[in-house]
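Colleague: I have the file open and would like to go through it with you before I set anything up. Could you start with the parts I should be careful about?

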Amino acid sequence: MIGIDRRLVQNVDWTLLGTALAIVLASATTLASLQVARAGGGVALRQLAWAGIGLLALALVASVDYRRVVRAAPLLYALGLGGLLVVLALGRTVSGARRWVLLGPLSVQPAEFFKLAFLLTVVWLLTTRWAQPPGAAVVGLLLLVTGVPFGLIVRQPDLGTALMLLPVLAALLVGAGVRWRYLAGLGAVGLGALPLAWLALRDYQRERILVYLDPFRDPLGSAYNVIQAKIAIGSGQLLGKGVAGATQSRLAFLPERHTDFIFAVFAEMWGFVGCLLLLAGYALLLLRGFDIAAAARDPVGRLVALGATTLLAAQVLTNVGMVTGLLPVVGVPLPLMSYGGSSMLVSMLTLGLLLSVRMRQFQ
Amino acid sequence: MIAGPRPGRGPTGADAGRRRITAVAAAVTLGFAVVIGQLWYLQVLEGGRFLDASDRNRIRIRPVAAPRGILYDRHGVPLVDNRPAFTLSLIPRELPRDPASRDAVLGRLAALLRLPYEELVDAVARVPAESFLPVRVRRGLSLEDMAKVEEWKLELPGVIVEVEPQRSYPSSRFAAHLLGYVREATEEQLRQGRYRRGDMVGQSGLERLLDEFLRGRDGGQQIEVDALGRPVRVVQQTEPYPGAEVVTTLDRRIQEAAEQAMEGRAGAVVVMDPRNGDILAMVSTPAFEIDRFTGTIDREAWLRLVQDPDHPLLNRAIQSQYAPGSLFKVVVAAAGLQEGVLTPMDRVHCTGEFHLGGRTFRDWKEEGHGTVDLRRALAQSCNIYFYQAGLRVGGDAIARWARAFGLGAPTGIDLGGEKVGLIPRPRVRRGRSAWPPGDVVNMAIGQGQLLVTPVQVARFMAAVANGGVLWKPRLVQRVQRADRGVLWSDAGRVAGHVELAPAVWAVLRESLWAVVNDGGTGAAARIPGLEVAGKTGTAQTVANSRAERGEDHAWFAAFAPARDPEVVVVVLVERGGKGGQVAAPIARKILNAIFFERVAALEVHG
């Protein structure tokens with residue numbers, strides 16, 4: 001089906017793609033300025049290489065009709081769940097967390113990919129004929145479909161990725177027109193589960209949340225990251241310190257500066273103005289996403305686009321929120337900016353889903 | 001239509017869908033607004049405060065030197081240890097930025113501690129000005145100097161005193177050549193890229209040979225410091241990994257006794273166990289002050305040492321070559337007996353003179369020794385007997401047996417710079433090689449071109465003592481660490497065998513016993529209650545004339561107990577005079593220490 005219909009090609013959303021590539025370039029230059037050495041070449045080049053692979057994956061997904069993808073959702077979900085179980089059983093442990101599975105020379109984070117499988121599965125559940133209108137049975141089923149992987153991902157432990165499932169679920173329920181009282185009921189269940197969740201958390205996760213609530217609880221221990229990140233961002237002031245002056249980032253005061261905290265590096269170098277530009281880029285990306293959802297030809301397309309957009313939005317807001325000290329540090333990468341193959345690939349696949357919907361809006 | 005229209009809601013399904021999307025988009029927009037508000041707060045409203053904080057934010061990375069591994073003697077007694085020492089360092093990044101005030105700080109420091117100002121400037125010039133890494137300028141600072149630096153701390157930004165482990169030795173010159181000194185990596189070593197600036201590297205002896213094992217791995221500390229450079233807290237710490245332990249073959253007690261016995265003399269001592277080739281002690285005098293050499297030594301002191309006419313840096317036990325003198329008669333006797341040219345019964349009448357082709361060769365004893373057989377000739381070191389014996393055995397056989405005893409070849413001891421010695425070759429004339437009789441006669445009494453090192457003599461004498469086994473001298477038994485067991489070990493190695501008939505060995509040993517105990521030249525080495533065997537030697541120095549007789553090198557090579565030898569002791573005293581008068585008493589002192597003071601020590605300790 002690739003390239004058969006000329007209208008498909010005409011409807012490629014170049015603004016969306018162009019914005020995404022601009023953000024990737026910002027990522028590569030930021031990484032290059034950090035000069036973090038990794039085996040097998042600079043991090044910046046590897047990031048670009050992953051972006052290239054991501055673009056191929058994006059083209060592949062965009063060329064497939066999203067309805068076929070949604071129909072395959074249960075299978076993807078089963079595969080994803082299998083992947084999560086494999087991680088728990090024999091995953092590679094990096095700094096205390098089992099998130100990676102080795103596939104040949106690559107280490108893969110199945111949880112990253114599971115987010116997409118989850119999104120498609122929820123859309124599938126909400127749009128199958130027997131599900132309409134989405135009633136109590138479907139909502140109950142959704143709770144199960146969400147709860148099991150949520151638990152598995154938290155166990156890794158990767159609280160951030162697990163939490164990303166919730167806004168996606170909420171947005172899809174809203175988008176599918178689930179009755180408000182079901183939504184309210186779900187919210188109540190969620191709140192009721194909070195004390196349980198607290199018990200399930202690891203010590204360091206609890207500590208991070210406590211630190212978020214009271215940053216000076218341990219200013220030199222676990223709050224260190226947050227304080228250093230705030231100093232980095234704040235010292236960038238209006239126009240930033242430039243690459244050479246960014247002492248916080250370059251002298252390695254910032255932890256995780258090429259992955260989760262890359263926004264702080266960017267903020268130190270380019271200041272408030274630079275941050276606004278970067279956030280404008282993300283906003284443009286998300287606006288196109290909502291536009292695609294609104295213009296979708298059918299409910300399946302609308303929900304796929306809405307879910308994909310919400311997933312990106314949730315990650316951007318959570319990451320920037322945690323780096324700027326608004327949210328607890330839960331470990332969510334900034335899409336297209338943070339270094340990491342799995343994250344880059346999944347972001348590109350998400351954009352691929354959006355494009356797939358866009359290209360078929362007039363069919 | 002899944003999210004189908006419900007009564008009372010939007011007019012069409014599509015409109016309802018769009019409204020819901022707008023709701024989600026609104027939530028996202030709200031999120032963006034909050035994030036941008038926070039950025040405005042952090043960067044614009046509070047930016048100045050955070051900028052201050054980032055300027056004040058300094059972390060100093062301080063390497064923590066790993067203690068070098070400790071060397072033990074064969075009984076587990078340490079030969080070297082580590083003690084904490086003060087190190088003076090400069091932190092380039094924290095020195096004043098402008099050259100004038102930086103030079104002022106360095107000048108103040110130079111004046112305060114009486115250090116050469118240029119050395120401080122050089123040390124700073126060699127590293128980038130941005131570096132947080134301390135540059136060491138003086139190790140082993142005295143308590144007084146340390147106190148001075150602390151007192152003037154505020155006038156000396158970028159100057160710190162750290163505590164680091166440093167080598168400490170039982171005495172100032174203890175086993176200096178054997179252990180070797182430890183100093184900062186030289187420019188040459190830095191170029192090879194195996195070391196970082198300021199690394200302490202073994203530069204000679206065992207410290208150099210085993211440097212890889214001994215050095216361990218440095219740790220590091222990330223220290224947060226305030227604007228004055230005062231440490232506030234340790235952010236992160238990696239513990240240093242100490243070097244491995246080395247168990248040598250030395251016996252510290254014997255080493256100390258040998259050093260004491262050589263006090264005031266130039267020369268060398270080698271003590272070897274003939275049963276396994278273990279080196280129990282090795283002394284070379286004069287020795288350098290190993291403790292002053294460790295760390296930073298000023299250029300002047302170094303030059304003084306290098307240019308000292310007594311060559312204190314030379315390890316005479318392996319790096320100096322001397323004529324063996326009468327020691328070599330043992331080789332000639334062995335060759336003659338084994339080749340069947342000599343028998344123990346042959347007698348020679350010694351008048352003190354020997355005539356050969358119009359030349360007269362003299363004995364050291366003017367009036368001669370009278371009628372002597374082989375045993376007597378060895379015991380009294382009669383030259384006339386060996387002039388004749390040498391001619392009968394012939395230059396080729398003597399050279400061959402000298403090589404069989406390991407002379408003229410390196411012993412393979414695990415120390416760098418070993419000299420080979422020299423066995424003369426026949427002269428080549430008109431395409432034919434031949435031994436001029438004059439050369440053979442000279443060689444037979446260990447003079448002429450012959451050259452040997454003390455360690456070669458020790459191995460040769462050990463072969464006489466043990467019946468022909470030539471050992472590779474062993475210095476290191478094993479390298480081990482508490483957490484990983486034995487990393488390296490040397491089980492000892494036989495380098496060759498000297499094949500002589502048992503009767504020949506018996507004659508040699510009996511004769512060497514007579515040297516000490518039956519009216520021989522080595523009577524000064526006699527010890528009641530211990531059967532000592534040995535051979536004296538007096539090596540004529542190259543430029544000697546009759547007037548300078550007292551300037552000969554004195555040798556004594558002994559083993560004991562004669563019947564069942566446990567140790568070989570070789571003593572060489574440069575320009576000491578006669579072997580029997582100078583070297584033999586030193587050997588006696590050492591043997592006494594080995595066999596009797598040990599017993600006394602045991603008795604005292606119960």
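Modeller: This is a predicted model, and in chain B the pLDDT stays under 50 over residues 544–550, for which the model has three contacts beyond four places in sequence. Residues 1–12 of chain B also stay under 50, and for that stretch the model has 25 contacts beyond four places in sequence.

Colleague: How should I treat coordinates where pLDDT is low?

Modeller: Where pLDDT is low, the predicted coordinates should not be read in detail.

Colleague: And what does chain B average, and where is confidence lowest and highest?

Modeller: Chain B averages a pLDDT of 86, with 90% of the residues scoring at least 70. Confidence in chain B is lowest in strand β1, residues 58–64, at a mean of 69, whereas helix α19, residues 454–466, is the highest at 97.

Colleague: Switching to the complex, what ipTM and pTM does the predictor give?

Modeller: The predictor gives the complex an ipTM of 0.89 and a pTM of 0.59.

Colleague: How many residues does the contact take from each chain, and which elements of chain B are involved?

Modeller: The contact takes 33 residues from chain B and 42 residues from chain A. On the chain B side, the elements that give two or more residues are α1 (13–45) and α2 (47–56), and α1(B) gives the most, with 20 residues. By class, that side of chain B has 21 nonpolar, eight polar and four charged residues.

Colleague: Now the helices: at what angle do α3 and α4 of chain B pack?

Modeller: Helix α3 (residues 99–113) and helix α4 (residues 117–125) of chain B pack at an angle of about 135 degrees, with their axes 9 Å apart, which makes α3(B) oblique to α4(B). α3(B) passes α4(B) in a right-handed crossing.

Colleague: Which residues make that contact?

Modeller: From α3(B) the contact is made by Leu106(B), Gly107(B), Leu109(B) and Ala110(B), and from α4(B) by Tyr117(B), Leu120(B) and Val121(B). These residues divide into six nonpolar, one polar and no charged.

Colleague: Last topic, the four-stranded sheet in chain B: what is its order, and which are the edge strands?

Modeller: The open sheet runs β2-β10-β20-β21 in chain B, with mixed pairing. Its edge strands are β2 (71–72) and β21 (485–489) of chain B, each of which pairs on one side only.

Colleague: How do β20 and β21 pair there?

Modeller: Strand β20 (residues 476–481) of chain B pairs with β21(B) in the antiparallel sense over four bridges, and the bridge partner of Arg478(B) in β21(B) is Ser489(B).

Technical notes:
Residues numbered from 1 in each chain as written. Chains lettered and ligands numbered in written order. Predicted model: local features only at pLDDT ≥ 70, side-chain atom pairs only at ≥ 80, totals over all residues. Pairing = 2+ DSSP bridges. pLDDT = per-residue confidence, 0-100. Contact = placed C-beta atoms within 7 Å. Nonpolar A, V, L, I, M, F, W, Y, C, P; charged D, E, K, R; others polar. Axes fitted to C-alpha atoms, helices over the stretch in contact; angles between N-to-C directions. Parallel < 35°, antiparallel > 145°, perpendicular 65-115°, else oblique. Left-handed = near helix turned anticlockwise from the far one by under 90°.
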